[in-house]
Amino acid sequence: MQAGVLPPLLHPAVQQLVHEDGHLLQALVREHGSPLNIVFPHILRANAAALAAVLQAHALPSALFYGAKVNKSPALVRAAADQGIGVDASSLYELRDALRAGTPGRAIVATGPVKPRAFHDALIEAQALISVDSLDELAALQQAAQAHAGPPVRVLLRLRPQEAAASRFGMGADDVRQAFTQLTLARQRMRLEGLHFHLSGYAAEPRARAIAEAIGLVAHARGLGLAPRMIDIGGGLPIRYVDADVYERYLQAQDGSHYRNGRVPESFYPYGGRLDPCAWLRTLLAAPCVDARTVADCVRDADCTLALEPGRSLVDQAAITVFQVHATKPLARRHVVFVQGSSFSACETWFASEFLVDPLLLCAAPPAAQAIDAYIAGHSCLDDDVITNRWIGFPTVPQHGDLLVYANTAGYQMDLLENEFHRHPMPARLAAVPGPDGRLGFEPDKPVE
Ligand SMILES: *Cc1c(COP(=O)(O)O)cnc(C)c1O
């Protein structure tokens, strides 16, 4: 096991599996192929419980919806259902997964700018909350609503906060007010339940300002006789992949020589942030909102439920991706490690960035120490299609059959891009489930039939 310059922070269950049960990982990869994705549903449950505890400590009525697009694992969606939290579904397929996982329809919120009629119909059937992205969508939803019997359709309006004036998502305040008027006229078939937004970036302050804007609009809607009770602030809670000091030192020290293509990427995810999701949420709740009162006080005083749609932060530490080393090849400068797998797993080079977390090398046989720097490539025959451009330091030359373990890949890393390039089959996915004795058992991670 090498120390590396950017060692991953590891959950104890992951630590145990990687450091003490390395032979177990070897056996699993032999059986299921490489790369192998392993998800840890119980970690999602613990993450959800921790966020809920923060909200409870502030005596805030709250709702959590798992942002299910972050990972394709059905076991993780089931974990959200088992924990009693909702799901944010942005396609008919995510909706079906959530329902199949046992999430009650009323605990599902639908987001996203493109909702075909079939998606609207299924959401209305399920009595899900529907976040309406535009006046056009409101008109389309109203039409769909006419075709259904049953209780009024539950509507959130997606606000495009002043913070995000250039965004393609949501409606500016003027359109939101116009939607209010429309909803007062459509009261038989539609019910306004609240406002919604989701901002890119990870700062708390812009979210506090957007909450203030939403609170103002809630008051306006109530003046029209509507009864919105929810402010849904989306996701974007940052997570920590590596130690903050280690990360800062790396960022300060790095230059083009750290990358095989000689270029430092322009931007990175904040892999070494100082706040975990719970600390971040406490910061947000304490941030000044309306008239310098805190977010928590303002939302409580507005008699609203604060809803969150965490994706990445709920799956923090909830998966690893394991590659088998095929060979290490010396090059004119340094080395390349070839693995069984591709840049569609655990990789940011497709976003002109880099996953700034070291893979952990698990050696199959006792290594002869010879430190090398290498970049990592998969089975792609395209020159620039690599898993890292960054030179990774290894204390020994990775050998055929060794494993490279990427920790904390559940949040978009694991399977967002995976496909069957070169006609390779999709990577296998297992769920690691603690048994009564605390030891992990492994089962195929598939939807229940
Ligand atoms: C993607 C998305 C989320 C989840 O974002 P994370 O950064 O993964 O927490 C939540 N809400 C909406 C509307 C989204 O599009």
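Asp 291 sits in the loop between helix H11 (277-286) and helix H12 (295-301); helices here are DSSP runs of H or I with at least four residues, strands are E runs of at least two, and both are numbered from the N terminus. The phi of Asp 291 is near 50°, a positive value in a residue that is not glycine. Most residues other than glycine have a negative phi, and most peptide bonds are trans. Another spot to look at is the peptide bond from Ser 34 to Pro 35, which is cis, with omega near 0°. Pro 35 belongs to the loop between helix H2 (22-32) and strand E1 (36-39).

A word on the model: it is predicted, so local features need pLDDT of at least 70 and side-chain atom pairs count only at pLDDT 80 or more, while totals for chains, interfaces and linings use all residues. Residues are numbered from 1 along each chain as its sequence is written, and side-chain values use heavy atoms, with hydrogens and water left out.

Now to the ligand. It is surrounded by 14 residues, and the closest are Lys 69, Gly 236, Glu 309, Arg 312 and Tyr 412 (a residue counts as near if one of its heavy atoms lies within 4 Å). The table lists polar contacts, meaning pairs of N or O atoms within 3.5 Å.

| Residue | Protein atom | Ligand atom and distance |
|---|---|---|
| Asp 88 | side-chain N or O | nitrogen, 3.3 Å |
| Gly 311 | backbone N or O | oxygen, 2.9 Å |
| Arg 312 | polar backbone atom | oxygen, 2.9 Å |

Next come the helix pairs. The axes of H5 (residues 92-100) and H6 (residues 117-126) come within 10 Å and cross at roughly 25°; axes are lines fitted to C-alpha atoms over the stretch in contact, and angles between N-to-C directions run from 0 to 180 degrees. H5 and H6 are therefore roughly parallel, the term for angles under 35 degrees. On the H5 side, Leu 92, Leu 95 and Leu 99 make the contact, and H6 brings Ala 118, Phe 119, Ala 122, Leu 123 and Ala 126 (contact means heavy atoms within 4.5 Å).

What angle do the axes of H8 (residues 173-185) and H9 (residues 204-223) make where they cross? They come within 10 Å and cross at roughly 25°, which makes H8 roughly parallel to H9. Here Ala 173, Val 176, Arg 177 and Phe 180 of H8 meet Glu 213, Leu 217, His 220 and Ala 221 of H9.

Methods: Angles under 35 degrees count as roughly parallel, over 145 as roughly antiparallel, 65 to 115 as roughly perpendicular and the rest as oblique. A polar contact is a pair of N or O atoms within 3.5 Å; within protein, one must be able to donate a hydrogen and the other to accept it, and residues adjacent in sequence count only if both atoms are side-chain atoms.
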